[in-house]
Amino acid sequence: MCEELKAVSTEVNTLTGDTLTLSYNYNKISSGDYFYWYKQDPGKAPEFLISHSTSGDVGEAAVDGLKINVKTNQLQMIISSAALSHSAVYYCAVRPTVTANTQSLYNNLTAAHSH
């Protein structure tokens, strides 16, 4: 079952220079999940911003000045000094942990290669 990331607010307003926090609720955070944030300016394709684990450890950041905060059921991307250029649509995507029976996968692969 695919769980849904849901924006806490569909619109966030702040003053230039203030801290801007974008929040998403995700009820099924697992230790192996990985999150990706994107920004989409009007008329353009989404642009990758930052990726992180459930512990908040940043994997890759394409933009400086972003911070990540992971709470029990909520993810936050924090822009330390908001500017007019930050006006855009933001997305957060998750690569969930995949759990499977790896032994049966191994057995199937072994059987396929032994013929």
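What follows is my log, entry by entry.

**Ground rules**

I am working with a predicted model, in which local features need pLDDT of at least 70, side-chain atom pairs count only at pLDDT 80 or more, and totals for chains, interfaces and linings use all residues. Residues are numbered from 1 along each chain as its sequence is written, and side-chain values use heavy atoms, with hydrogens and water left out.

**Entry 1: the overall layout**

I started with the secondary structure and got 1 helix and 8 strands. Here helices (H or I, at least four residues) and strands (E, at least two) are DSSP runs, numbered from the N terminus. Reading along the sequence, I wrote down β-β-β-β-β-β-β-β-α.

Next I looked up burial: of the chain's 115 residues, 25% count as buried. For the cut-offs, buried means under 20% relative accessible area, exposed means over 50%, and partly exposed is in between (1.4 Å probe, protein chains only).

I also checked how far the contacts reach. Contact means heavy atoms within 4.5 Å. Among contacts in the chain with a separation of 6 or more, 50% come from residues 24 or more positions apart.

**Entry 2**

I traced an open sheet of 4 strands in the order β5-β4-β3-β8, with antiparallel pairing. Two strands pair if DSSP finds at least two bridges between them. β5 (58-61) and β8 (89-95) stand at the edges with a single partner strand each, so one side of each has no neighbour in the sheet. From one strand to the next, the twist averages 20°; the axes behind such angles are lines fitted to C-alpha atoms (for helices over the stretch in contact), with angles running from 0 to 180 degrees between N-to-C directions.

Then I zoomed in on one pairing. Strand β4 (residues 47-53) and β5 run antiparallel and are joined by 3 bridges. I noted V58 in β5 as the bridge partner of H52.

**Entry 3: another sheet**

I found another open sheet of 4 strands, ordered β1-β2-β7-β6, with antiparallel pairing. Its edge strands are β1 (6-7) and β6, each pairing on one side only. Between β2 and β7, which run antiparallel, I have 6 bridges. T21 stands opposite I78 in β7.

**Entry 4: the nonpolar core**

Which residues touch the most other members of the largest nonpolar core? With 17 residues in that core, my list reads L5, W37, L49, I50, M77 and C92. A nonpolar core here is a set of buried Ala, Val, Leu, Ile, Met, Phe, Trp, Tyr and Cys residues joined through side-chain atoms within 4.5 Å. The elements giving two or more residues to this core are β2 (20-25), β3 (34-40), β4, β6 (66-70), β7 (74-79) and β8. Background reminder to myself: in soluble globular proteins, nonpolar side chains tend to be buried together.

Not counting residues up to four places away in sequence, C92 touches L5, Y24, F35, Y36, W37 and L75.

**Entry 5: rings**

I counted 4 aromatic pairs in the structure. Rings of Phe, Tyr and Trp (its six-membered ring) pair if their centres lie within 6.5 Å; planes under 30 degrees apart count as stacked, over 60 as edge-to-face and the rest as tilted.

The rings of Y24 and W37 have centres 5.5 Å apart and planes at 80°, so I filed the pair as edge-to-face. This pair links distant parts of the chain, with Y24 in strand β2 and W37 in strand β3, 13 residues apart. Y24 counts as buried at 11% relative accessibility, and W37 counts as buried at 0%.

Y38 and F48 went in too: their ring centres are 5.9 Å apart and their planes at 70°, so that pair is edge-to-face. Y38 sits in strand β3 and F48 in strand β4, 10 residues apart. Y38 is partly exposed at 27%, and F48 is partly exposed at 21%.

**Entry 6: two single residues**

Is S53 buried or exposed? S53 is in strand β4 and is buried, with a relative accessible area of 14%. Leaving aside neighbours within four places in sequence, S53 is in contact with D33, Y34, F35 and V70. I also logged a polar contact of 2.9 Å between the side chains of S53 and S55. The term covers a pair of N or O atoms within 3.5 Å; within protein, one must be able to donate a hydrogen and the other to accept it, and residues adjacent in sequence count only if both atoms are side-chain atoms.

Last, I looked up A83, in the loop between β7 and β8. A83 is partly exposed at 31% relative accessibility.
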